[in-house]
Amino acid sequence: QETFMDEETGRRSKRTDFVIKMPNCRSLIIDSKCTIAAAERYHGAEDPAVRSAAETEIIASVRGHVDEIAVANYQASVPDALSTVLMYIPLEEVYMLAMKAKISVGGTQELLRDYARRRNVVFVNSASVVPVVRLIEMMWNVDRTEKNRQETIRAAEELLQRANDFIEEFLAV
């Protein structure tokens, strides 16, 4: 866990669960969130009404965690961080509920995962966190390769222009 300075208050108050240092000084923020008590009620419920109430509580809790992460804006405090925070949900049932849950936003129904994505939060679980981190690393490598390619093209164009200028001056002499 790292604690970062909150630029607005000037206090050290932003604490992430994980900051993964990636190649080229890039950072990936992972914040772990879970509602264990509601998940236990959901898993152990035999009465459909109790199960439904626990599911509603889980979904509300996950949405609240998404809002907390969005408000925390860790990306502003962590140098060279990916603009999206990965929200790690360790309990598979909670993760599956979060992935398929529909919530009301401004009077319309939408998937909770879409709501989270708009707030720069992506849900990951134990099975998906490593592949997602690898995918992000590959994307950064592709980006770096493309930037190097563009720089090489720019340098070649400059060299060609200098060679043309030299030939024109040589012919003029």
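**Sheet, helices and a hairpin**

Let's start in the sheet. Strand E4 (residues 26-32) and strand E5 (residues 85-88) run parallel, joined by three bridges. Strands pair here if DSSP finds at least two bridges between them. Ile30 sits opposite Leu86 of E5.

A word on the source. This is a predicted model, where local features need pLDDT of at least 70 and side-chain atom pairs count only at pLDDT 80 or more, while totals for chains, interfaces and linings use all residues. Residues are numbered from 1 along each chain as its sequence is written, and side-chain values use heavy atoms, with hydrogens and water left out.

The labels come next. Helices (H or I, at least four residues) and strands (E, at least two) are DSSP runs, numbered from the N terminus.

Now the whole sheet. It is open, has four strands and mixed pairing, and its order is E3-E4-E5-E8. Which strands are at the edges? Strand E3 (18-22) and strand E8 (121-124), each of which pairs on one side only. From one strand to the next, the twist averages 30°.

On to what packs there. H2 lies across E4, E5 and E8, and runs at about 150° to E5. Helix H5 (residues 129-172) packs on the sheet too, touching E3, E4, E5 and E8. The direction of H5 makes about 160° with that of E4. Angles run from 0 to 180 degrees between N-to-C directions, and axes are lines fitted to C-alpha atoms, for helices over the stretch in contact. Contact means heavy atoms within 4.5 Å.

Next, a helix pair. The axes of helix H1 (residues 36-44) and helix H2 (residues 48-72) come within 8 Å and cross at roughly 150°. That makes H1 roughly antiparallel to H2 (the term covers angles over 145 degrees). Who makes the contact? From H1, Ala38, Ala39, Arg41, Tyr42 and His43; from H2, Arg51, Ala54, Glu55, Glu57 and Ile58. Those residues split into five nonpolar, one polar and four charged. Nonpolar means Ala, Val, Leu, Ile, Met, Phe, Trp, Tyr, Cys and Pro; charged means Asp, Glu, Lys and Arg; the others, Gly among them, are polar.

Last, the hairpin. E6 and E7 form it, with two residues between them. Gly106, in the turn, has a positive phi of about 60°. E6 and strand E7 (residues 108-111) pair antiparallel over four bridges. Ile103 has Glu110 as its bridge partner in E7.

Ile103 also belongs to the covered face of strand E6 (residues 102-105), with Val105. Lys102 and Ser104 make up the uncovered face. In a regular strand, side chains alternate between the two faces of the sheet.

Note on methods. Parallel < 35°, antiparallel > 145°, perpendicular 65-115°, else oblique. Buried < 20%, exposed > 50% of the residue type's maximum accessible area, 1.4 Å probe, protein only.
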